[in-house]
Amino acid sequence: MREMTCIVCPNGCRLQVDNSSEEILVSGNQCKRGRAFAITELTHPMRTICSTVATCFPETPVVPVRVSAEIPKERIFDVMKEINKVKVMERLGTGDVVIPDVLGLGVDVIITSDRLKEN
């Protein structure tokens, strides 16, 4: 038996998850999304990343970025290594892609600010 808190909606349900048999049994969830969250968390946990990348602009030395969709939890450090290699050399804005299809995961690293365009 494992306990976890669902993070899918504001309810924050305390889930009890039993994966001792072939079927994963979930209790404590107030909605179907809680069950789906628990199963995914046990079988293939996914995460999102928010970070910053360096720029060549002295007035804005870094700009915030994030991945465009969740990535497998075990690939976080690999993706961060790729993010840390980047230096933005042009005035990009919110939603612009910094790293397309990072590591072949089908996810882009995108800018989340118009700070570079404002200067």
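The domain assignment of the protein chain gives domain 1 (2-43) and domain 2 (50-111), with bounds that come from an automatic or database domain assignment. The C-alpha centres of domain 1 and domain 2 lie 31 Å apart. Residues are numbered from 1 along each chain as its sequence is written, and side-chain values use heavy atoms, with hydrogens and water left out. As this is a predicted model, local features need pLDDT of at least 70 and side-chain atom pairs count only at pLDDT 80 or more, while totals for chains, interfaces and linings use all residues.

**Nonpolar cores**

- The largest nonpolar core has 20 residues, and Ile 83 and Val 88 are those with the most contacts inside it. (Such a core is a set of buried Ala, Val, Leu, Ile, Met, Phe, Trp, Tyr and Cys residues joined through side-chain atoms within 4.5 Å; buried means under 20% relative accessible area, exposed over 50% and partly exposed in between, with a 1.4 Å probe and protein chains only.)
- β5, β6, α2, β9 and β10 are the elements that give two or more residues to this core. (Helices are DSSP runs of H or I with at least four residues, strands are runs of E with at least two, and both are numbered from the N terminus.)
- Another core, of nine residues, lies apart from it, and Cys 6, Val 17, Ile 24 and Phe 37 are among its members.
- Not counting residues up to four places away in sequence, Val 88 touches Val 53, Ala 54, Thr 55, Cys 56, Phe 57, Val 63, Val 98 and Leu 116. (Contact means heavy atoms within 4.5 Å.)

**Helix α2**

- Val 79, Met 80 and Ile 83 are buried in helix α2, which covers residues 76-85.
- Seen down the axis of α2, these buried residues fall within an arc of 100°, so they line one face of the helix. (The arc is that of the directions from the helix axis to the C-beta atoms.)
- Phe 77, Lys 81, Asn 84 and Lys 85 are exposed on the other side of α2.
- The partners of the buried α2 residues are β5 (50-57), β6 (60-67), β7 (71-72), β9 (97-99) and β10, against which they pack.

- Arg 75 sits in the loop between β7 and α2, and it counts as partly exposed because its relative accessibility is 25%.
- The side chains of Arg 75 and Asp 78 are joined by a polar contact of 2.9 Å. (A polar contact is a pair of N or O atoms within 3.5 Å; within protein, one must be able to donate a hydrogen and the other to accept it, and residues adjacent in sequence count only if both atoms are side-chain atoms.)
- Arg 75 and Leu 103 are 28 residues apart along the chain, and their C-alpha atoms are separated by 9.1 Å.

- Thr 55 lies in strand β5 and counts as buried because its relative accessible area is 7%.
- The Thr 55 side chain reaches the backbone nitrogen of Phe 57 at 3.1 Å, and one of its polar atoms lies 2.3 Å from the backbone oxygen of Thr 60.
- Ser 113 is found in the loop between β10 (109-111) and α3 (115-118), and it counts as buried because its relative accessibility is 16%.
- The side chain of Ser 113 reaches the backbone nitrogen of Arg 115 at 2.9 Å.
- Leaving aside neighbours within four places in sequence, Ser 113 is in contact with Val 63, Pro 64, Leu 92, Gly 93 and Thr 94.
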